Amino acid sequence: MKNLKHPSFILGVISIIVMFVGIGMKSFGYRGGDYVLIAATALGGIHWIWTIFDVVARKDMKAFQKRFWLIAVIAAPVLGGMLFYAMHQKAGKITT
């Protein structure tokens, strides 16, 4: 579970938490909820792009594994990236 400490994984978790806070703020009528949701979207976008670059730059994955993870990360931006970091343990041991 070494990759659960990866900065991009942590950024993904933070973006999800901030999104729930923003949704809660909007549901109670706070005007700042919009700004919190924008911040959550920006954090999620950074996490998404960072994960795409991480998948492409991996040297320890075969071509079909890279394609699988690229499809997963692009199809489900934040959750796909978090799954990639959670399941990609170390070089040579990849769960797909």
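## A first look at this predicted model

The protein has four helices and two strands, where helices (H or I, at least four residues) and strands (E, at least two) are DSSP runs numbered from the N terminus. Starting at the N terminus, the order is α-α-α-α-β-β. This is a predicted model, in which local features need pLDDT of at least 70, side-chain atom pairs count only at pLDDT 80 or more, and totals for chains, interfaces and linings use all residues. Residues are numbered from 1 along each chain as its sequence is written, and side-chain values use heavy atoms, with hydrogens and water left out.

Here are some whole-protein values.

| Item | Value |
|---|---|
| Buried share of the 96 residues | 30% |
| Accessible surface of the protein | about 6,200 Å² |
| Carbon and sulfur share of that surface | 74% |

Buried means under 20% relative accessible area, exposed over 50%, and partly exposed in between (1.4 Å probe, protein chains only). Accessible areas come from the Shrake-Rupley method with a 1.4 Å probe; for residues, only the protein chains shown count as cover.

Now for the inside. The largest nonpolar core is made of nine residues: F9, V55, M61, W69, V73, V78, M82, F84 and Y85. Helix 3 (63-75) and helix 4 (77-87) are the elements that supply two or more of them, and helix 4 has the largest share, with four residues. Such a core is a set of buried Ala, Val, Leu, Ile, Met, Phe, Trp, Tyr and Cys residues joined through side-chain atoms within 4.5 Å.

On the outside, F20 sits in helix 1 (residues 7-27) and is exposed, with a relative accessible area of 60%.
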